[in-house]
Amino acid sequence: MARILGIESSCDETAAAIVEDGRTIVSNVVLSQVPVHRLYGGVVPELASREHLRAVVPIVRQALEQAGMPLAGIDAIAVTHGPGLVGALLVGLTYAKALAMAAEKPLIGVNHIEGHLHAVLLEERRQGRPDPPLPAVALVVSGGHTQLYWVERAGEFGYSYRRLGQTRDDAAGEAYDKVAKLLGLGYPGGPVIDRLAGSGDAEAALLGRIRLKGNQLDFSFSGIKTAVLRQAQAAGLETGAAARRAAAAAHPAGGLTWEECRDRCEPATLNLIAAFQNAVVGDLVERTLAAADATLEGEGPPPAGEAAQSIWVTGGVAANRALRQRLTAAAARQGLTVFAPAPGLCTDNAAMIATAAWPKFQAHAWADSGLRAFAQLAV
Ligand code: KG4
Ligand code: ZN
């Protein structure tokens, strides 16, 4: 049995977790920096680094306390080393290196995207279910990423990931956050839009389909954000947005609850929100299923003739209820099951990092003190 301490600091969550054999969460601590970045409607890199510096030691200590074990009881330390904000990554990485050296524990470098993918495996294992069947088509969709992967087993312990498509501009979560900012809905935008979309009529505001030339498994979300802005301007919805922004700033909790937001939104704003979510979710579902379909038809880009056995969805936006429902229903029509982590494991956490490190632990794939942080890092 191996207990791996995972440390994650790639964006705006400082997180530490202990996971046993890539399947049992012994402890899982996540400190969100949302209150710090809310004022700016997005993550401010310098502030993120400063907050990680403040939090990393107490958060790791808390993960050990929650697990009721000393550092000596840990078998390896896993840390995210990219992709992400370099200043933020360096805080977790430097601390992990120092800890590994002081406690004489092996160090394992983990790719953040691989972490999100392994959150899918962690969910099934902690529920006592078998791993999802492979090969799989996996959608990683968050504030920083929107990518489709072809996931297969590779070697005795590992996995291989082939990127089928990616966003050409904004990530889907980034579009949620920017639309929320322009409509005065607060930060982060995903959870509040997820709730508010149910109160609007998606058909009442028209946002066209997202069209792309070339690889149909790519994504693009910057156009839809601009379309929302244009419609908001044309319908005179900016006054309401400014009023909500002012109310949020004066709010004792630092922001409006989603119900307060709903009560302060005019019907046209709620319709626009519903149309935005409908368009983004529809696009994500369509392209993900196309990735699985292409393999059935042997068209590529995945290995011709090889069929996906499951569909995975993970990352912060995978917490979205409409996305989970629509993807599950559409995949079922294709005879495929969708696998997704519980919402708390979709957003950034360190349990997914400790889980992704488990095959590397088995393969003794240790990192040394030269392990570097990378803003861009392919899985
Ligand atoms: O995975 P994550 O915590 O961080 C990154 O790696 O980016 O994802 C955060 C993103 C934010 O953009 C947030 O608005 C979005 O995930 N998000 C959601 C929901 N919950 C979080 N988007 C849509 N619906 C949600 N329920
Ligand atoms: Zn993430």
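## Around ligand 1

Three helices, α4 (112-126), α5 (172-182) and α6 (189-196), each give at least two residues to the shell around ligand 1. Helices here are DSSP runs of H or I with at least four residues, strands are runs of E with at least two, and both are numbered from the N terminus. With four residues, α6 supplies the largest share of that shell. This is a predicted model, in which local features need pLDDT of at least 70 and side-chain atom pairs count only at pLDDT 80 or more, while totals for chains, interfaces and linings use all residues. Residues are numbered from 1 along each chain as its sequence is written, chains are lettered from A and ligands numbered from 1 in the order in which they are written, and side-chain values use heavy atoms, with hydrogens and water left out.

How many residues surround ligand 1? There are 22, and the closest are Gly 143, Asp 177, Asp 194, Asn 320 and Asp 348; a residue is near a molecule if one of its heavy atoms lies within 4 Å of it. The shell is made up of six nonpolar, twelve polar and four charged residues, where Ala, Val, Leu, Ile, Met, Phe, Trp, Tyr, Cys and Pro count as nonpolar, Asp, Glu, Lys and Arg as charged, and the others, Gly among them, as polar. Both domain 1 (3-132 + 344-362) and domain 2 (172-336) contribute at least three residues to the shell, with bounds from an automatic or database domain assignment.

## Polar contacts of the ligand

Now to the individual contacts, which are pairs of N or O atoms within 3.5 Å. His 112 has a polar side-chain atom 3.4 Å from an oxygen atom of ligand 1. Taken alone, ligand 1 exposes 560 Å², and the protein buries 91% of that; the areas come from the Shrake-Rupley method with a 1.4 Å probe.

His 112 and His 116 both sit in α4, four residues apart, or about one turn of the helix.

## Two cis bonds

Pro 188 lies in the loop between α5 and α6, joined to Tyr 187 with omega about -5°.

Key: A polar contact is a pair of N or O atoms within 3.5 Å; within protein, one must be able to donate a hydrogen and the other to accept it, and residues adjacent in sequence count only if both atoms are side-chain atoms.
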